[in-house]
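Visitor: I would like to learn how to read a fold from its parts. Could you take me through one?
Guide: Gladly. Here is the structure.

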Amino acid sequence: MRRLRHGTAALALGLLGALLALAGTAHAAAFEVLVFSKTAGFRHDAIPAGIDALRTLGGQNDFTVTATEDAGAFTASNLASYEAVVFLNTTGDVLDSAQQNALQSYVDSGGGYVGVHAAADTEYDWPYYGQLVGAWFQSHPAIQQATIRNEDRTHPATAHLGATWTRTDEWYNYRTNPRPNVRVLQTLDEGTYSGGSMGADHPITWCHSQGTGRSFYTGLGHTVESYADPAFRSLLLGGVRYAAGQATANCSAPAGNGQIEAESYSSGSGVQVAAHASASGGQTLGYIENGDWAGYSNVTTAGAKTFTAKVSSAGAGGTIEIRSGSAGGTPLGSVTVPVTGGWETFTTVTTTLTGSASGPLFLRFTGGGGALFDIDTFSLGAEPTAGTLSDDVHLFYYPWYGSPAVNGGWRHWQQGGHIPPEAIGADLYPALGPYDSGDFDGAVDQHMKWVARSGAGVIVYSWWGRDGYEDRLARGVLDAAQEQGIQVAWHLEPYSGRTGASTAADIEYINRTYGSHPAFHRSADHGGKGAFYVFQSLDITDWTALDQVTDTSIVLAQTTDTTKIAHFSGMYTYDGIAGATAPGWKQAGDYARAHGLIWAPSVAPGYIDDRAVPGNATPTVERADGAAYDRQWSNALDPAIGGSPTWVSVTSFNEWHEGSSIEPADSTPPAGHGYRTYNGAYGRTGEAAQTAYLDRTAYWVGRFQGSAAD
């Protein structure tokens, strides 16, 4: 064989080397993942199965898996080799301080973290880790089947799933609800299993940004069988790809940041975690002295207009400075913390923020010498923005209350034989106390601010006839509503002697008297017509007189019986009990849609009137920490159950006698009267629970608007 000339041989060898290099590149892993499974507490039998599953996923999806239980792997130089770190069923204290610093720097500088199941049962004494994982484990019932609601199916971890997913696992309860600080992807339906303790809002899988990095956590993955389940493997794969920066996803936290545990700081100077039994989660941010500070890397100041904190002080008191970007960064505002008389005695302080910044939140503390104060929880709030309220969600509003200071005597609060102000005819006590519906600059102004916070754009004003108490207050309520961008529709109540003809005349009177007011609701989707709900419409059989007003007004009958709605523009239900089972809702919605009518089913958070109507046989509907409200909303928005509503009406904003209110209820009502509170609603306690139903309404308003857009 003739030998190749030197130049030709060199070219051939070069081409061969290039081809080999290309071949190696084609099969090289696109990214690398470190799987860490060290345990210092309970050890899960599923760890080997989890490692095998991740290795298989890596082989199928171009990433390599390095599995270790050596915490020595957590150095800056070693972590730099990986795009994501998976904490697979870790437990207890598994990292020393240097290793903690390496992980924190890695994630905050752009790395990815994935926590699986018992990752939430890890590093309890490291506040940053609590923020990174999202929530710490509290308890679990026995392994059993449950239904998961796939709340967000746009994430690569959940995109393969349907609206619900029924599977068997060990279902964690968490010490706090992570929702304010994360994007919740999946929640548990506690009604489908035994032992859930978080109520209607029980997140189980979530994600969020952390510094410039990414965090993904799922509470699934206790059982060995989980890791052979293709659907669960796809969930893991999506979480890993997101954390590694290989797949994009919206993991932004809710606007306003919600309630945040102050002890979950990611950086700080001088501050420490302090144990206090009466605090949320049993801990506060403590040992605060002059010049100390705390930073929260995944709490953005973007859009923040208010700061509210729950504080205590047996020390000197002082000031909280709210800053953006760093402890010496852009000042947004400050609030004074008073001496409360004890470390277990909490009060709430709040302030308005000014300026514009979008960096992470930092709190700086100033005051005299020694200990200043503790902070239990805090929240950043955004002012309602014009155009963000939903004209398709209507809250029934009751302007029939009176007090001696304004009305000259008590009105309605004394129902059931009670003597206000401490004893009122309600099982819950309003946060404003027994107010007056004519206190426009006080109670009514606050009501409209709360309505705006709920996301609902319309109140349905309870009206009992011309020249009556409610009629005389209507213009003042309209004025207050206008200030907050709220619109007013009308609830025509069954006053004595009401007929079809008088109702038609009432609608003409209301249109004539109030129709020019800027807050008078006119439905843009229905020819600019005003909206009138007629309560107990079935008490009257002849409604032909409505024909003279339905060309210019929307008039809804209270029924789902489509044989009883001739002359009406549609239907609503009002009943705060029926929504749990939604009887006839789908049929009513289908009929309304087929005939160009409006369908506005009513949802309620609960029903109890024991103090207002002693001995009443009406069934009680317990709130179940929000589960009852969620069940009714879920029924309304499920096309197979709720009939695809045009509007959703909420019973009620403030019907205190029936216990159906979403208006804030006092967390510390007058003692000795057996009042209930919202404590426990959606995982909130104390003062934070007072607004739980307003904020949950805003959540469902968003869901309703989203489904309508789809």
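Visitor: Let me start with helix packing. Which residues of α2 meet which residues of α6?
Guide: A helix contact is read as two lists, one from each partner. Ala 53, Leu 54, Thr 56, Leu 57 and Asn 61 form the α2 side. Arg 233, Leu 236, Leu 237 and Val 240 form the α6 side. By class, the contact of α2 with α6 holds six nonpolar, two polar and one charged residue. Bear in mind that this is a predicted model.

Visitor: What angle do α2 and α6 make, and how far apart are their axes?
Guide: The angle is about 65°, and the axes are 11 Å apart. That makes α2 roughly perpendicular to α6, because angles of 65 to 115 degrees are put in that class. The crossing of these two helices, α2 and α6, is right-handed.

Visitor: Where does α2 sit relative to the strands?
Guide: Take the sheet first, then the helix on it. The sheet is open and has nine strands, in the order β2-β1-β3-β4-β11-β10-β9-β6-β7. Its pairing is mixed. The edge strands are β2 (63-68) and β7 (164-169), each pairing on one side only. On average, neighbouring strands of this sheet are turned by 20° against each other, direction ignored. Helix α2 (residues 47-61) packs on this sheet and touches β1 (31-36), β2 and β3 (84-88). The direction of α2 makes about 160° with that of β2.

Visitor: What lies between α2 and β2?
Guide: A loop, and Asp 62 is in it. Check the backbone there. Phi of Asp 62 is near 65°, a positive value in a residue other than glycine.

Visitor: Now covalent links. How many disulfides does the model have?
Guide: The count comes to one. The disulfide joins Cys 207 to Cys 251, with S to S at 2.0 Å. The angle about the S-S bond is -95°, and the link of Cys 207 and Cys 251 is left-handed. Cys 207 lies in strand β10 (residues 203-210), and Cys 251 lies in the loop between α6 (230-243) and β12 (258-261), so the pair ties together parts that are 44 residues apart in sequence.

Visitor: At what angle do α9 and α10 pack?
Guide: Helix α9 (residues 469-483) and helix α10 (residues 500-514) pack at about 45°, with axes 12 Å apart. That makes α9 oblique to α10. Helix α9 passes α10 in a right-handed crossing. Asp 471, Ala 474, Arg 475 and Leu 478 in α9 meet Tyr 509, Thr 513 and Tyr 514 in α10. The contact of α9 with α10 has four nonpolar, one polar and two charged residues.

Visitor: Last, peptide bonds. What is omega from Pro 420 to Pro 421, and from Thr 651 to Ser 652?
Guide: Read omega, then locate the residue. The bond from Pro 420 to Pro 421 is cis, with omega near 10°. Pro 421 is in the loop between α7 (404-407) and α8 (440-454). The bond from Thr 651 to Ser 652 is also cis, with omega near 15°. Ser 652 is in the loop between β31 (648-650) and α14 (692-709).

Terms used: Residues are numbered from 1 along each chain as its sequence is written. This is a predicted model: local features need pLDDT of at least 70, side-chain atom pairs count only at pLDDT 80 or more; totals for chains, interfaces and linings use all residues. Side-chain values use heavy atoms; hydrogens and water are left out. Axes are lines fitted to C-alpha atoms, for helices over the stretch in contact, and angles run from 0 to 180 degrees between N-to-C directions. Helices (H or I, at least four residues) and strands (E, at least two) are DSSP runs, numbered from the N terminus. Angles under 35 degrees count as roughly parallel, over 145 as roughly antiparallel, 65 to 115 as roughly perpendicular and the rest as oblique. A crossing is left-handed if the near helix is turned anticlockwise from the far one by less than a right angle, and right-handed if clockwise. Contact means heavy atoms within 4.5 Å. Ala, Val, Leu, Ile, Met, Phe, Trp, Tyr, Cys and Pro count as nonpolar, Asp, Glu, Lys and Arg as charged, and the others, Gly among them, as polar. Two strands pair if DSSP finds at least two bridges between them. A disulfide is a pair of cysteine sulfur atoms within 2.5 Å.
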